[in-house]
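Visitor: I'm new to this one. Could you walk me through how to read it, feature by feature?

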Amino acid sequence: MIFAINEINKREDILPNLNLGYRILDSCDDMHASQRSSLVLVNGQFGELCAGAAGPLSPVIIGDAGSGRSMAVLRTLGPFHIPLHMETQRLFHSLHLQVSYFASCNCLSDKKQFPTFLRTMPSDAFQIKAIAKLVNHFKWTWVGAIGGDNDYARFAIQLFLEEASKRDVCVAYTHFYPTAMDKADIMEVTEVIKLSSAKVVVSFSGESELQSILGEFYRQNITDIQLIAGEAWATGKSLWSEFKDVLIGTIGFAIRKADIPGLKAFLGRLRLSDADGFPFIAEFWEETFDCKLNGSRNTHSHGGAVSRKPCTGLESLEEVLSPYSDVSQLRVSYNVYKAVYLIAHALHDMNACVSGNGPFTNETCGDVKRVVPWQLLHYMKRVSFSALGEEVRFDENGDPIASYDLMNWHEGADGSLQLVKVGYYDASLGSENELVINESAIRWHRGQQAPRSVCSESCSPGTRKATRKGEPVCCFDCVPCADGEISNQTDSLDCSRCSLDMWSNQARDQCIPKDVEFLSYYESMGIILTVVSVFGACATAAVSGVFIIFRNTPIVRANNMELSFLLLLFLVLCFLITLTFIGEPTDWSCMIRYTAFGVSFALCISCILAKTVVVLIAFRATLPGSDIMKWFGRAQQRASVFVCTSVQIIICIVWLTTSPPYAEHNTRYQSAKIILECAVGSALGFWCVLGYIGLLACMCFVIAFLARNLPDNFNEAKLITFSMLIFFAVWITFIPTYVSTPGKYTVAVQIFAILASAFGLLSCIFVPKCYVILLKPKKNTKQYLMGKVVK
């Protein structure tokens with residue numbers, strides 16, 4: 001501060017012809033001392049506490065370094081509106097200004113509580129956001145947070161909890177320890193850290209507090225904890241020499257440093273004469289050179305009470321290597337430098353104000369020789385200047401634009417601490433670019449890889465996160481995705497459902513096309529059914545050939561040869577129709593298969609019905625005086641077949657024109673497959689086709705049953721009765737099986753019913769006749785059929 005003031009007083013471009021003065025009081029790093037010093041300052045009762053140039057009281061206090069002490073000073077001086085000293089009252093007008101260089105608590109940004117507070121130290125709100133982004137960057141989702149029981153740590157940890165929750169980072173524990181810790185307090189915080197599964201700990205501590213905790217770490221050999229340093233100790237070199245085994249790899253944000261030209265030389269130029277009337281320098285001089293100044297009361301060194309030799313005045317700081325002379329890490333000092341320049345630039349703007357263009361009532365200006373604090377506050381809030389190449393400006397809360405260096409603690413070749421910058425955070429660059437990390441430059445506490453600190457291991461693709469009841473969101477179980485759902489990212493919250501034509505693979509991390517299932521010619525079932533169908537058609541053709549060859553024999557002629565040939569032809573169609581049920585369905589094939597099935601079976605049953613009626617009428621016609629056969633000749637028989645089939649054709653036409661069958665991609669029965677099948681369209685149309693075939697079959701059965709006992713050695717009515725019984729058995733069984741059988745097996749059931757029905761008709765009606773024709777030719781005579789042959 002003294003260096004900055006001397007530098008400003010020598011400049012001609014800032015406050016020309018005016019000099020800045022100062023008073024320095026010691027806060028002793030203590031709340032009560034800070035309050036006492038501030039009250040002494042504003043009352044003008046300096047005594048031995050003060051050092052510096054004489055002159056009027058300062059309208060601005062630079063300090064305090066700690067957030068809690070700054071708040072205490074602000075609350076002490078703000079509400080009481082005292083100064084008692086007349087000169088102080090005249091200058092302060094019941095108000096004082098405070099500029100802190102190291103108080104970072106976000107609470108101090110509340111202008112309702114602290115309207116006269118500004119700072120050159122960024123608010124913790126930015127530091128916490130940077131730390132939360134850092135934690136999120138390395139995917140540490142399970143971290144601990146510790147801090148002293150003070151305003152700085154409490155507000156910082158509260159902000160960290162809020163920022164962490166926004167980034168799905170869970171805080172395993174928060175622990176506050178007393179500022180003055182005893183052995184029990186140290187053991188307690190150590191046990192909390194040691195027993196937790198979190199391997200990353202964010203510490204909002206001071207160096208002195210942290211020293212006791214690190215000592216217990218060292219004693220218990222706790223070396224698996226990755227520490228994240230708050231800015232309060234991110235560059236705390238005093239911790240290294242004793243605890244470097246614990247601190248290697250520590251990473252944290254530190255306020256920006258600067259190289260202040262001339263400061264090193266200024267520090268080295270201090271001489272014994274500068275210690276007169278300046279207790280800080282006097283004490284420092286005695287400790288550094290282990291000597292005693294005349295009249296000094298400092299008689300103790302770090303080792304206890306000693307007798308010191310008198311100082312000679314020949315001592316030189318230029319030859320001393322100490323933290324005092326190290327200007328390589330000017331961070332807090334740089335903030336002090338900027339604080340002084342802030343006040344100087346505000347005073348300069350006040351001094352440069354032209355009356356009539358001023359910012360106050362009646363466009364007046366402030367008087368730099370009689371500074372009114374609230375007027376100076378107005379200028380300070382609007383100051384923007386360049387300090388050592390950095391643009392310094394403040395937001396509406398009086399906070400500077402945040403800028404931090406990301407520091408990593410390395411061990412040098414000689415065992416010394418090397419603070420290496422491995423990234424930075426700049427709030428002015430926008431949320432996407434404000435954090436930059438050079439991962440290759442980072443040395444971690446254990447090994448070359450970043451440590452893992454998670455409550456639960458990541459869920460791999462194919463699973464989703466399921467939060468455990470009563471536990472933080474970072475503690476979860478990995479639940480496999482359900483069938484038909486996938487997750488193709490790590491730590492997915494939900495599984496996404498595949499589209500209708502896709503299905504999840506076995507790993508549940510990819511949607512793949514569903515298997516399309518239909519009864520194919522190339523599978524075993526399709527091949528078997530095809531062979532049986534062709535065999536049935538060939539067998540029917542063979543029977544037709546037998547009937548053609550033996551068409552003039554009595555057994556063929558006696559069983560209505562024309563209707564028999566028609567029936568055989570239609571049975572061939574029935575067998576071949578089943579081939580349309582095999583293969584990939586299309587809209588056209590679906591319409592053809594159902595209508596062809598309905599019409600072909602209607603033709604078969606119509607022919608059988610006509611044959612049955614002919615048998616019954618033929619025996620009626622043998623009665624004396626009966627001429628009924630002339631009403632049911634060949635033309636009438638053909639007409640009856642046509643009429644009966646026409647009804648089915650009409651049903652099919654109505655079905656096709658209203659709601660025809662169509663090819664459907666069915667996923668109802670098996671979600672993992674697309675069953676390509678024929679939907680019937682109109683269920684009414686489908687059941688009408690089946691119902692009409694059933695009606696014809698019932699009529700055949702009734703008439704054949706009535707004619708079963710007619711006198712004849714080869715009564716065809718009996719054969720028709722048996723064939724209809726088989727037909728009914730097949731189709732009555734078909735209905736529940738058809739309804740309950742899914743997929744391609746539905747088609748197989750349909751084909752089986754058609755084939756069984758066709759084979760039933762062929763076997764019952766024609767096989768006995770072929771047996772007689774081929775194997776029992778002696779029975780193929782008119783006499784045998786008429787019952788005139790006696791064995």
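**The cavity and the helices around it**

Guide: Let's start inside: the largest cavity has a volume of about 50 Å³. Keep in mind that this is a predicted model.

Visitor: How does anyone find empty space in there?

Guide: The general idea is that rolling a probe the size of a water molecule over the atoms shows where empty space is left. In this structure, that turns up 1 cavity of 30 Å³ or more.

Visitor: Which residues line the largest cavity?

Guide: Phe-581, Tyr-594, Phe-597, Phe-686, Leu-690, Trp-731, Phe-734, Gln-750 and Ile-754 do. Helix H17 (587–621), helix H19 (683–706), helix H20 (716–740) and helix H21 (744–775) each give two or more residues to that lining.

Visitor: And how does the lining of the largest cavity divide into nonpolar, polar and charged residues?

Guide: You'll find 8 nonpolar, 1 polar and no charged.

Visitor: Now the helices. How do I read the way H19 and H20 cross?

Guide: Look at how far apart the axes come and at what angle they cross. For H19 and H20, the axes come within 9 Å and cross at roughly 150 degrees. An angle over 145 counts as roughly antiparallel, so H19 is roughly antiparallel to H20. Their crossing is left-handed.

Visitor: Which residues of H19 and H20 meet?

Guide: On the H19 side, they include Phe-686, Trp-687, Leu-690 and Ile-693. On the H20 side, Phe-727, Phe-728, Trp-731 and Phe-734 are among them. By class, this contact of H19 with H20 has 20 nonpolar, 2 polar and no charged residues.

Visitor: At what angle do H20 and H21 cross?

Guide: Roughly 175 degrees, with axes that come within 9 Å. That makes H20 roughly antiparallel to H21. The contact of H20 with H21 has 18 nonpolar, 6 polar and 2 charged residues.

Visitor: Let's turn to the backbone. Which peptide bond is cis?

Guide: For this you read the omega angle. The bond from Gly-63 to Asp-64 is cis, with omega near -5 degrees. To find the spot, go to the loop between strand S1 (60–62) and helix H3 (67–80), where Asp-64 lies.

Visitor: And which residue has a positive phi although it is not a glycine?

Guide: That's Lys-139, with a phi of about 60 degrees. Look for Lys-139 in the loop between helix H5 (124–137) and strand S4 (142–148).

Methods
Residues are numbered from 1 along each chain as its sequence is written. This is a predicted model: local features need pLDDT of at least 70, side-chain atom pairs count only at pLDDT 80 or more; totals for chains, interfaces and linings use all residues. Side-chain values use heavy atoms; hydrogens and water are left out. On a 1 Å grid over the protein atoms alone, a cavity is a set of points where a 1.4 Å probe fits but cannot get out, and a pocket is an open set with protein on both sides within 12 Å along at least five of seven lines; lining residues have an atom within 4 Å of a point. Grid points are joined across faces, edges and corners, and a volume is the space filled by probe spheres set on the points. Helices (H or I, at least four residues) and strands (E, at least two) are DSSP runs, numbered from the N terminus. Ala, Val, Leu, Ile, Met, Phe, Trp, Tyr, Cys and Pro count as nonpolar, Asp, Glu, Lys and Arg as charged, and the others, Gly among them, as polar. Axes are lines fitted to C-alpha atoms, for helices over the stretch in contact, and angles run from 0 to 180 degrees between N-to-C directions. Angles under 35 degrees count as roughly parallel, over 145 as roughly antiparallel, 65 to 115 as roughly perpendicular and the rest as oblique. A crossing is left-handed if the near helix is turned anticlockwise from the far one by less than a right angle, and right-handed if clockwise. Contact means heavy atoms within 4.5 Å.
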